[in-house]
Each structure stands twice: as C-alpha cells, then as structure tokens.
Amino acid sequence: MFRAIFLQKNEQGEFSAKVENLDESNLPASGDVLVQISHSTLNFKDGLAICNKSPVVRSWPMVAGIDGAGTVLESSHPLFKVGDEVIMNGFGVGETHWGCLAEKAKLKGDWLIKRPAGLSAEQAMAIGTAGYTAMLCVMGLEENGVKPEQGEILVTGASGGVGTIAIALLSKLGFTVVTASGKPEQSQFLKDLGASEVLDRTTLSEPGKPLQRERWAGVVDCVGSHTLANACAQTKYGGTVTACGLAQGMDFPSSVAPFILRGVTLKGVDSAMAPLALRQEAWRRLALDLDLNKLSNLSRVLPLDHAIDAAGQIMAGKNTGRIVIEMQ
Ligand code: NDP
C-alpha cells in the first residue's frame, strides 16, 4: 500500500480529493520504472487538478502530482537502474497517468531525467515544473539575444512559483529585473530575491493602447490576458516576450502592432511536452545558475496531509514562492 492524493468522480459526477491508501497493484501498467517518491510539489496546475477548477485531469480516478523526485525501486527501462535518483516533470503525469503526490509512482523511463548532482530531491522539487519553466523562459530570452546591457526585464506573477525563480535566475545572470505583483506586502521579499523595482500589477492588468512607451528588453509573463498584451505593447524595439502562464486569463487581447512595428518576438513556453534534450539543458542550467540560498528562502516544506489545503491557497491567488511536499 502507499499513500497518495486521490482524485475521483462518482457516478453523479461529484468530485473528491482525499489522501488515501492505495494498492501498489493499481499503479499504471504502462509505466516501466517504479519510483519511491520522496518529494513532490504543488504547481498551479496541481492546484487546478486538486480543486477541480479546469479539465486538467482527463482520466479518472487519478493520483495528482505533475512533479516528483525519488529513487528507482524497479526498472525495465534501459537507461534506469535500481537506486538511480530521478526527477519527473509533466508529460501528462497527474493528468492522464497517475502522478507523484504519492509515496510511489510507476512512470515511463522516457519521461525521467537523472537528478543533477548538486541538487537534493527537496531542492529539485522546490524548483519543480515552475522553476524549470522559469529556466525555459530565461533560455528563450537568451536564444533571442536578450542581454543585461539591453535594459530591464519585466517578470509578471512575480510572487508565484515561476515568478520567484525567474527573478532569482535573472538577477544572478546580471539582468535588471522589474516585477509586477498584486502583493505589496511581498515587495521586500521580491527585492531580496533580486527585483530592483516592484510594480503594482493593476498598472498592467487593464486594457491598454496597442503601442505604449518602450521599456522592457524582455519579459517573463506568467499571467496572460491584458497583462501580456500590455507587456508586449511596452517592449522595446527587437525585444522578446516569453509567455508561459494564464493566472489572469487565457485570453490575449492584443494587436499585431508590437510585432510588425517594433519587431517584438512573442515566444511561447511549454514545459510539459518539452523534448528531453531541452529539459536536460534546463536542469543543467538550474543546477548552475540558481542561488540555492534564494531557493531555500522562496520555498517551504509541507507534509502530504497539508497538500489539499495548500492547493486551495494557490487557487485563491494567495501563494508566495514554492511549496515542496515531503512524503514520509
Ligand atoms: P502560482 O500560483 O505560484 O503564481 C501565480 C501568480 O500569478 C500569483 O502568485 C500572483 O502573483 C499572480 N496572479 C494570480 N492571480 C492573478 C490575476 N488574476 N491577475 C494577475 N496576476 C495574478 O503559479 P505558478 O507560478 O506555478 O504558475 C504561473 C502560471 O504559469 C500559471 O498560469 C501556470 O499555469 C503557468 N505555468 C505554465 C507552464 C508551462 O509549461 N507553460 C508551467 C508552469 C506554470 P502576484 O500576487 O505577485 O501578482
């Protein structure tokens, strides 16, 4: 038996999320690597799944948890052997395949990466999909030639998981980071992470003109909607906007003006299905470029029994930083 966050819908379609004891024989047969999960985490997507807020879960019943870190217990995959330390992010785990908010998970070896030396399982989950996505955004800016001397980088959704890690990464890489947040009480925390200025997010979240005063050399946007539209409208000639999130909304009420008159690039970032080589490079860079003291300041550890309540906090927009879930 193993403990897990179990999501179910009964015959009437009523949803429930509970910590339950499950039989190991029910783990998905399609997995070829059995992992003892020591740590998982709560991302925005886990919040959506555990609170049944959007159709994240597409197969029922489901074990939640898109991310996990742990030790291989059994493997028939050629690249993994018993005792290997591994990380799982995305690939539909916790959505269509039983996930990692559980003491055990049966996963496909093709989805796993070896945990980089220098990162503990707890640190890997403090990073999780949110931090790995932040790194993909930073790499997206770099690929398009955005450099610190070109000017300020805007990070929206600043106090959340992606935002906090993006701030820590960008500031360590020498960028001047301006953040937009709805939590004025977290301004000092965001500055301690590396923000030079904290804007009130309402200055970006309302409808704005298609072209505005040029300010940003680059943007990491976690919130979408009018915020993303305004960020594009304020991006300097030739700048790059990386779009990874929808905390404000999935809509994008923009015009083509920033793209055709200022040559702005809008780069979409997806972590869930990113190819293995890209994810390995992102994790290599995280082990190199993330200040682990800042990571420890922006994350907290909770037991599995607290995960369902914490998911509700994420959905209420009250989360700051990253939440690691420790299995016992
Ligand atoms: P969090 O819940 O940790 O953070 C989201 C942050 O967005 C909040 O802390 C808040 O920051 C801000 N926010 C919340 N509600 C609103 C609102 N109505 N309007 C404007 N800002 C708002 O989530 P994550 O950081 O983990 O994820 C951020 C986004 O990125 C999510 O939409 C998520 O789905 C997406 N994501 C996408 C991935 C991908 O592969 N593309 C991977 C991971 C995440 P503040 O109070 O500081 O403004």
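Author: The model is predicted.

Reader: Is Met250 buried or exposed?

Author: A residue counts as exposed when its relative accessible area is over 50%. For Met250 the relative accessible area is 75%, so this residue is exposed.

Reader: Which residues form a nonpolar patch on the surface with Met250, and what is their accessible area together?

Author: Met250 belongs to a nonpolar surface patch with Phe44 and Leu246. Together, the accessible area of Phe44, Leu246 and Met250 is about 330 Å².

Reader: Why is strand S6 (residues 85-89) described as largely enclosed by the rest of the structure?

Author: Buried means a relative accessible area under 20%. Strand S6 has five residues, and it is largely enclosed because the number of them that are buried is four.

Reader: Which strands pair with S6 in the antiparallel sense?

Author: Strands of a sheet pair through backbone hydrogen bonds, either parallel or antiparallel. Strand S5 (residues 67-75) pairs with S6 over five bridges, and Gly68 has Met88 in S6 as its bridge partner. Over two bridges, S6 also pairs with strand S8 (residues 113-114), where Val86 has Lys114 as its bridge partner.

Reader: What is the order of the strands in the open sheet of six strands, and which are the edge strands?

Author: The pairing in this open sheet is parallel, and the order is S11-S10-S9-S12-S13-S14. An edge strand pairs on one side only, and this applies to strand S11 (195-200) and strand S14 (265-268).

Reader: How many bridges join strand S10 (residues 177-181) to S11?

Author: S10 and S11 run parallel. Within this pair, Val177 has Ala195 in S11 as its bridge partner. The number of bridges joining S10 to S11 is five.

Reader: At what angle does helix H6 (residues 225-233) run to S13?

Author: Helix H6 lies across S9, S12, S13 and S14. Its angle to S13 is about 155 degrees.

Reader: Is Ala310 buried or exposed, and which residues is Ala310 in contact with, leaving aside its neighbours within four places in sequence?

Author: Ala310 lies in helix H10 (residues 307-315). Its relative accessibility is 7%, so Ala310 counts as buried. With those neighbours left aside, Ala310 is in contact with Leu42, Leu302 and Ile323.

Conventions:
Residues are numbered from 1 along each chain as its sequence is written. This is a predicted model: local features need pLDDT of at least 70, side-chain atom pairs count only at pLDDT 80 or more; totals for chains, interfaces and linings use all residues. Side-chain values use heavy atoms; hydrogens and water are left out. Patches are made of residues with over 30% relative accessible area and no salt bridge: like charges are joined within 9 Å, nonpolar side chains (Val, Leu, Ile, Met, Phe, Trp, Tyr) within 5 Å. Accessible areas come from the Shrake-Rupley method with a 1.4 Å probe; for residues, only the protein chains shown count as cover. A salt bridge is a side-chain nitrogen of Lys or Arg within 4 Å of a carboxyl oxygen of Asp or Glu. Buried means under 20% relative accessible area, exposed over 50%, partly exposed in between (1.4 Å probe, protein chains only). Two strands pair if DSSP finds at least two bridges between them. Contact means heavy atoms within 4.5 Å. Axes are lines fitted to C-alpha atoms, for helices over the stretch in contact, and angles run from 0 to 180 degrees between N-to-C directions.
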